[in-house]
Amino acid sequence: MSNLFYILFRRLRSPLIVLIMVYAVSILGFVLIPGVDDQGQPWKMSFFHAFYFVSFMATTIGFGEIPYAFTDAQRYWALITMYATVVAWLYGIGMLLGVFQDRVFRQQMQKSSFLRRVKSIREPFYIICGYGDTGSQLTHSLSQENILSVVIDPDEERINDLEADDFKMPPLSLCADGSQSEVLEMAGIKHPWCKGIVTLANEDSVNLTVAIVAQLLNPDLRLIARAETPEAEANILSFGANEVINPFETFSSRLALALRSPSLFCLYDWMTGVSGQKICEPPEAKQGMWIICGFGRFGRSLYEHLDDEGVPLRVIEPNRKVRDLPSGSVIGRPTEANTLTKSGIKDAVGIIAGTDVDANNLSILMTAEELNPDVFRVARQNEEKNTHLFQAADLDMLMQRGNVISNTIFAFIRTPMLGDFLRIVSRFNNDKANELVSRIVGVVDDEIPELWELTVNENETPALYKMIETQQVLVEDILYGEQLNKGDAKNECIAALPLFLRRGEGNVLLPEYNRIIRENDRFLMCGTYSARQHMMRLVKNINLLESVLLGEELPAGWLLRKFRQRNPPENKNG
Amino acid sequence: MNSEKVIFAFFIVLALTLNFGFFLGGMDNASHHNIYELYAAIVVSLISTVLKVGDRSHLGAVFLATSIVADFQLIAAAIVWGMTEHIAGQTLGGDALSTVVSLSGGALLANIISVVLLVSETISVRR
């Protein structure tokens, strides 16, 4: 803050001096030049009167020649000083406005205001380094869930875009380089309410630097980084307890999953996807040869994963010099029809256009469709702005680089237990996965399923916490399925399913209905939006909970409750 | 010969000398204290305050503080003078005069400290 004042005053020095001197000379002049009073007697202006007159002359108010009309000599002087003082004021004000418009000054103002706002944060927040496609999507998703984020990006244009964007919960932003430790400190990396830092720069080296700095400044802070090369991924994973998302790896493993076990793929897709989407239909991918166009990072990763699944593959790559090209690869431009024909597009079951140019990818797939209309088409979308084109192309599967990363990260932030759940589920075979999916669909029916976490403790679920002290509460009472409201209320059916329970170190998948709820249990729930709202109300409001569990309405006030406790009526059932 | 330093020192010393000149003389004799000198002292004091702003060192901070103190005292003296002459309608004398002179004396002290600091800074730089 003091920086700002110093900059301001430095610039204002000469205008202030000019103003003081002009005032001084004018006032002195008026004091020295003799005037006449209304009787014609000579009269000298005192300093006080002179100061008064010059003040309202300089500020262009102009009350008049007071207290007596001026002599001509005085008027001469007034003429000169009038122009001088007004110009001096304009100079000063102009300089002041110039300072406020100055870039350096504005940057300083933005920095101090940012610092102040970060300091006053009193809710959990995440720091996001990098506001490209991925960063902006992640910020939007977090903002929808009412999670505050602090965004840092060195590109001024992107920060301007952020300010122009609409957010449910507007993020704080700063245009600065996130790989510098003082910037991260300003952003609140040591803040007690900071829940994690996500680094999403386009360059792996920048992400690595941010990870290192974050590790040094706050080793306990959760770090999620994006890395596109295996070396950077291994590097970042080697220190601290970081999580790295490699979009190519993620997508390739998903695609392999889609081939191996379509229900599992659907599950993954839904759980790490954007909220508000139904579970998709499992993709119908037949067994057969797949063609991979482009052997960059994406192509390599695809090859590796699909090869592990035993899928016959053929690679098309225009650059002969690419290393480790698998045998049988076709050298040529995949956008051309003859290259595709040469690679056997007519017999292929699927084709993946994985180059880093969107236009090429679209062109490849359009050509492929002409040659083989049944082929399963997968494309990689690089830039957010081409979304309409890719939608119009009506592809079977689309990899949106930004989306994959931001959705995965968002899912991990919103429901930290999801990672463990997915790890366990990934070992399911297709039948088990089918069963799980059908159970979920059975619970939510036609509505859009949601995922949320429920921790049974005093802060988050005060009513439930109190309840389990006095009596046994089973999973089926609160968390699942049919729930009869005894008494005169209607049957409530909670459309929810507990997917996963963590109790201490132990994990239970799909906990049974008659399991007793204990304190500090963490449940991963899935269900409809209304079920979620109802459940949250239930576990927080003791009256509601009691009326549901015990079937009677206990009095709400403290006094009457104490009275009731002393003379308890017969308890109906738990 | 750094012209900026010359101007800086000039105004500081001028503020002190004008202030001293005004202060000098009996507290009960109005003719010893010239109003033009008070006026000049105020103007020069304001200018030297503006010159002192912007220095972030410890010395600069103390400089600025003394200058602001001197400004306050001199302006207070001017206000008292103005009020006696215009609002109360008396010529300056007795209580009011001694108030004006004491206030200017206070400003003088602040200016002395300022000049002492200036001198010590100059000497240390020379070394």
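**Strands, cores and the chain contact**

Student: Which residue is the bridge partner of Tyr126(A) in S4(A)?
Tutor: Ser149(A) is the bridge partner of Tyr126(A) in S4(A). This is a predicted model, where local features need pLDDT of at least 70 and side-chain atom pairs count only at pLDDT 80 or more, while totals for chains, interfaces and linings use all residues. Residues are numbered from 1 along each chain as its sequence is written, and chains are lettered from A and ligands numbered from 1 in the order in which they are written.

Student: In what sense do S3 and S4 of chain A pair, and over how many bridges?
Tutor: Strand S3 (residues 125-129) and strand S4 (residues 148-152) of chain A are parallel, with five bridges between them. Two strands pair if DSSP finds at least two bridges between them. Strands (E, at least two residues) and helices (H or I, at least four residues) are DSSP runs, numbered from the N terminus.

Student: What holds paired strands together, in general?
Tutor: Backbone hydrogen bonds, and the pairing is either parallel or antiparallel.

Student: What is the strand order in the open sheet?
Tutor: The six strands of chain A run S5-S4-S3-S6-S7-S8, with parallel pairing. Strand S5 (172-174) and strand S8 (243-245) of chain A each have a single partner strand, so one side of each has no neighbour in the sheet. From one strand to the next, the twist averages 15 degrees.

Student: Switching topic. Which residues have the most contacts inside the largest nonpolar core?
Tutor: Ile127(A), Ile128(A), Ala187(A), Ile351(A) and Ile409(A), in a core of 113 residues. A nonpolar core is a set of buried Ala, Val, Leu, Ile, Met, Phe, Trp, Tyr and Cys residues joined through C-beta atoms within 7 Å. Ile409(A) is in contact with Leu138(A), Val198(A), Ile224(A) and Ile245(A), leaving aside neighbours within four places in sequence. Two residues are in contact if their C-beta atoms, placed from the backbone, lie within 7 Å. Another core, of 40 residues, lies apart from the largest one and includes Tyr23(A), Phe53(A), Leu18(B) and Ala40(B).

Student: Back to Ile409(A). Which residues make the contact between H5(A) and H16(A)?
Tutor: On H5(A), Asp133(A), Thr134(A), Gln137(A), Leu138(A), Ser141(A) and Leu142(A); on H16(A), Gly402(A), Asn403(A), Ile405(A), Ser406(A), Ile409(A), Phe410(A) and Ile413(A). By class, six are nonpolar, six polar and one charged. Ala, Val, Leu, Ile, Met, Phe, Trp, Tyr, Cys and Pro count as nonpolar, Asp, Glu, Lys and Arg as charged, and the others, Gly among them, as polar.

Student: At what angle do those two axes cross?
Tutor: The axes of helix H5 (residues 133-144) and helix H16 (residues 401-414) of chain A cross at roughly 35 degrees and come within 8 Å. Axes are lines fitted to C-alpha atoms, for helices over the stretch in contact, and angles run from 0 to 180 degrees between N-to-C directions.

Student: Now S20 in chain A. How many of its residues are buried?
Tutor: Five of the six residues of strand S20 (residues 522-527) are buried, so the strand is largely enclosed by the rest of the structure. Buried means 20 or more other C-beta atoms within 10 Å of the residue's own; exposed means 12 or fewer, partly exposed is in between, and C-beta atoms are placed from the backbone.

Student: What does S20(A) pair with?
Tutor: Strand S15 (residues 450-455) of chain A pairs with S20(A) in the antiparallel sense over six bridges. Strand S18 (residues 496-503) of chain A also runs antiparallel to S20(A), joined by six bridges. Leu524(A) stands opposite Glu453(A) and is also the bridge partner of Phe500(A).

Student: And chain B, how many helices and strands?
Tutor: Four helices and zero strands. Of the 127 residues in chain B, 34% are buried. For chain A, the count is 23 helices and 20 strands, with 35% of 574 residues buried.

Student: Where does chain B touch chain A?
Tutor: 12 residues of chain B are in contact with 12 residues of chain A. Helix H2 (35-52) and helix H3 (58-88) of chain B each give two or more residues to that side. H2(B) gives the most, with six residues. The side of chain B that touches chain A has seven nonpolar, three polar and two charged residues.
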